[in-house]
Amino acid sequence: MENRDVKLAEKILSLKKKRNAVILAHNYQLGEVQDIADFVGDSLELSQNAARTDAEVIIFCGVHFMAETASILCPDKAVLLPDINAGCPMADMITAEELKKKKEELPRATVVCYINSTAEVKTESDVCCTSANGVKVIESLDAQEILFVPDQYLGHYISTKTDKKMVLWPGFCPSHIRILPEHITQLRKEYPQAKVVVHPECRPDVIALADEALGTGGMCRYARRDDVKAMIVGTEIGILHRLRKENPGKKFTPATEQAVCPNMKLITLEKVLWSLEEMAPEVKVPEEIRLRAKAAVDKMLEIGRG
Ligand code: SF4
């Protein structure tokens with residue numbers, strides 16, 4: 001950390017104590033933000049951590065739908081998102097109104113929404129899933145027809161693992177589609193011993209070239225395996241910071257340096273400090289929406305326990 005960052009970090013940590021706050025950072029956050037966090041993880045791990053903590057305030061270093069999920073699971077805590085403009089373009093590729101219309105066209109379909117969706121879209125969904133549990137969630141449902149929103153690529157990946165009929169909403173992650181098959185082919189030549197691990201939000205022709213398709217939590221666990229000495233990483237480049245920190249001596253190479261989520265990078269140490277000073281901006285899901293959205297999240301958690 002640079003000297004300036006160290007000073008900021010000290011101020012953040014002392015104010016954090018005073019406010020009884022916990023700092024959660026997504027795997028795609030800037031390295032200096034990850035370094036001051038109490039927990040670093042994927043969006044669901046972070047929200048579950050949020051629900052377990054005794055802290056009264058949650059500083060969510062991630063994007064808007066993640067802060068909403070924390071608010072859905074922890075209605076009694078103040079959830080602060082240090083930059084309120086940190087959105088997720090993929091989550092915003094479908095609205096609750098659009099989903100309602102689509103449901104009218106497909107009255108027999110069960111709606112499964114990726115956790116990367118707005119609280120309002122969750123209210124119109126039967127169950128949520130993550131990139132890690134999508135197959136399990138869909139296989140556990142009685143329905144034969146699934147409407148999957150908003151990520152067509154995660155939906156496509158899941159459809160290759162199930163016999164159910166899946167209708168895919170045409171959303172996508174603008175950062176993950178920057179990873180191209182030629183990136184993987186080239187890096188395999190340069191690093192023939194390396195394992196290639198990509199996120200299921202990647203295009204199907206990228207996933208087809210990988211050894212594994214895993215969410216960010218799964219990637220971190222995979223990297224710890226003894227037989228993995230080098231890894232080509234097909235996801236947002238922020239995760240490289242955590243992979244390198246946790247696995248000194250192993251080599252991690254991004255599939256492309258262009259896989260950057262500009263929204264994740266809006267959160268800085270300065271903004272974390274301001275957020276703690278001003279106790280803003282707060283993300284609070286209105287109770288009526290919260291209860292309906294929570295039903296879809298709870299159903300996923302139940303399936304996970306089953
Ligand atoms: S990486 Fe993609 S899915 Fe994740 S927050 Fe950014 S735009 Fe949304």
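Me: Is Ala 96 buried or exposed, and what is its relative accessible area?

Reply: A residue counts as buried when its relative accessible area is under 20%. In this predicted model, Ala 96 has a relative accessible area of 13%, so Ala 96 is buried. Ala 96 lies in helix α5, residues 96-105.

Me: Which residues is Ala 96 in contact with, leaving aside its neighbours within four places in sequence?

Reply: With those neighbours left aside, the contacts of Ala 96 are Glu 120, Val 121 and Glu 124. A distance along the chain and a distance in space can be set side by side here: Ala 96 and Thr 123 are 27 residues apart in sequence, while their C-alpha atoms are 7.8 Å apart in space.

Me: How many residues of helix α4 are buried?

Reply: Of the 10 residues of α4 (residues 64-73), 9 are buried, so the helix is largely enclosed by the rest of the structure. The buried residues are Phe 65, Met 66, Ala 67, Glu 68, Thr 69, Ala 70, Ser 71, Ile 72 and Leu 73. The elements that cover them include β1, α3 (43-52), β3, β4, α6 (119-123) and α14 (287-305).

Me: At what angle do helices α11 and α12 pack?

Reply: Helix α11 (residues 216-223) packs with helix α12 (residues 239-246) at an angle of about 25 degrees, and their axes are 10 Å apart. That angle makes α11 roughly parallel to α12. The crossing of α11 past α12 is right-handed.

Me: Turning to sheets, in what order do the strands β1, β2, β3 and β4 stand?

Reply: Strands of a sheet pair through backbone hydrogen bonds, either parallel or antiparallel. Here 4 strands form an open sheet with the order β2-β1-β3-β4, and the pairing is parallel. The edges are taken by β2 (39-41) and β4 (78-80), each with a single partner strand, so one side of each is left without a neighbour in the sheet. From one strand to the next, the twist averages 20 degrees. Strand β1 (residues 21-26) and strand β3 (residues 57-61) run parallel and are joined by 5 bridges; Ala 25 stands opposite Cys 61 in β3. Helix α13 (residues 269-278) lies across β1, β3 and β4 and runs at about 160 degrees to β3.

Me: Which strands stand at the edges of the sheet that contains β6 and β8?

Reply: In this open sheet, 4 strands follow the order β6-β5-β7-β8 with parallel pairing. The edge strands are β6 (127-129) and β8 (165-168); each has a single partner strand, so one side of each is without a neighbour in the sheet. On average, neighbouring strands of this sheet are turned by 30 degrees against each other, direction ignored. Between β5 (residues 110-114) and β7 (residues 145-149) there are 4 bridges, in the parallel sense, and Cys 113 has Val 149 of β7 as its bridge partner. Helix α8 (residues 152-159) packs on the sheet and touches β5, β7 and β8, with a direction at about 170 degrees to that of β8.

Me: How many bridges join β9 to β11?

Reply: Strand β9 (residues 195-198) runs parallel to strand β11 (residues 230-234), and 4 bridges join them. Val 198 stands opposite Gly 234 in β11. Strand β9 also pairs with β10 (residues 212-213) in the parallel sense over 2 bridges, where Val 197 stands opposite Glu 212.

Me: Where is the place of Ser 175?

Reply: Ser 175 is in the loop between β8 and α9 (181-190). Its relative accessibility is 6%, so Ser 175 counts as buried. Apart from neighbours within four places in sequence, Ser 175 is in contact with Ala 259, Val 260, Cys 261 and Pro 262.

Notes:
Residues numbered from 1 in each chain as written. Predicted model: local features only at pLDDT ≥ 70, side-chain atom pairs only at ≥ 80, totals over all residues. Heavy atoms only, no water. Axes fitted to C-alpha atoms, helices over the stretch in contact; angles between N-to-C directions. Parallel < 35°, antiparallel > 145°, perpendicular 65-115°, else oblique. Left-handed = near helix turned anticlockwise from the far one by under 90°. Pairing = 2+ DSSP bridges. Contact = heavy atoms within 4.5 Å. Buried < 20%, exposed > 50% of the residue type's maximum accessible area, 1.4 Å probe, protein only.
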